[in-house]
Amino acid sequence: TRRKLQRRAQVINAEVKSEVAKAIAQLRHAAHHYKHTRGEIERALRQRDRKLASNSSAEGRAEALAKTAEDAKDMIKELQSAKEGAEVRAQSLQQRVQELERAKHAAETQGRTLSGAIS
């Protein structure tokens, strides 16, 4: 029976060694897959970060363009009101010029009349 127990111990020992070797092989295989998966995850995260950075810079550019557009609209409004003011002033000056031309014409006519009366 001692021999049977020794034989049985050897068989169990061999089975355990075999199972341990299989487990080690599976761990190595899993570690290999883990390494690749981790690399893929890191690449995906870097790509996501680049995309977020790109989007945020695009959003920043969009916000800056929107601000520039708002500033341009405000400037256009200011220029429009200045233009309207200038048009009113130009009309006023035009009326003043016409009044002065009428006065000049009247003065010339009166001057001729007086000249004719004096001669």
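How exposed is Asp71, in relative accessibility? The value is 36%, so Asp71 counts as partly exposed. Keep that residue in mind. We will come back to its partner.

A word on the source. This is a predicted model.

Now, salt bridges. How many does the structure hold? Seven.

Start with Asp71. Its side chain meets that of Lys67 in a salt bridge. From N to O, the distance is 3.1 Å. Where do the two sit? Both are in helix H1. They are four residues apart, which is about one turn of the helix. Lys67 has 51% relative accessibility, so it counts as exposed. The cut-off for exposed is over 50%. Asp71, at 36%, counts as partly exposed.

Second pair. Which residue forms a salt bridge with Glu42? Arg38 does. The closest N and O atoms of Glu42 and Arg38 are 3.8 Å apart. Helix H1 covers residues 2-118. Glu42 and Arg38 are four residues apart in that helix, so about one helical turn separates them. How much of each is accessible? Glu42 has a relative accessible area of 37%, which makes it partly exposed. Arg38 is at 39%, and it also counts as partly exposed.

Third pair. Glu70 forms a salt bridge with Lys73. Here the closest N and O atoms are 4.0 Å apart. On accessibility, Glu70 comes in at 42% and counts as partly exposed. Lys73 comes in at 48%, so it counts as partly exposed too.

Find Ile12, Val16, Val20 and Ile24 on your screen. Which feature do these four make? Together, Ile12, Val16, Val20 and Ile24 make a nonpolar surface patch of about 300 Å². Take Val20 as an example. Val20 lies in helix H1. Its relative accessibility is 42%, so Val20 counts as partly exposed. Patch residues need over 30% relative accessible area, so Val20 passes that cut-off.

To recap. The structure holds seven salt bridges. Thank you.

Terms used: Residues are numbered from 1 along each chain as its sequence is written. This is a predicted model: local features need pLDDT of at least 70, side-chain atom pairs count only at pLDDT 80 or more; totals for chains, interfaces and linings use all residues. Side-chain values use heavy atoms; hydrogens and water are left out. Helices (H or I, at least four residues) and strands (E, at least two) are DSSP runs, numbered from the N terminus. Buried means under 20% relative accessible area, exposed over 50%, partly exposed in between (1.4 Å probe, protein chains only). Patches are made of residues with over 30% relative accessible area and no salt bridge: like charges are joined within 9 Å, nonpolar side chains (Val, Leu, Ile, Met, Phe, Trp, Tyr) within 5 Å. Accessible areas come from the Shrake-Rupley method with a 1.4 Å probe; for residues, only the protein chains shown count as cover.
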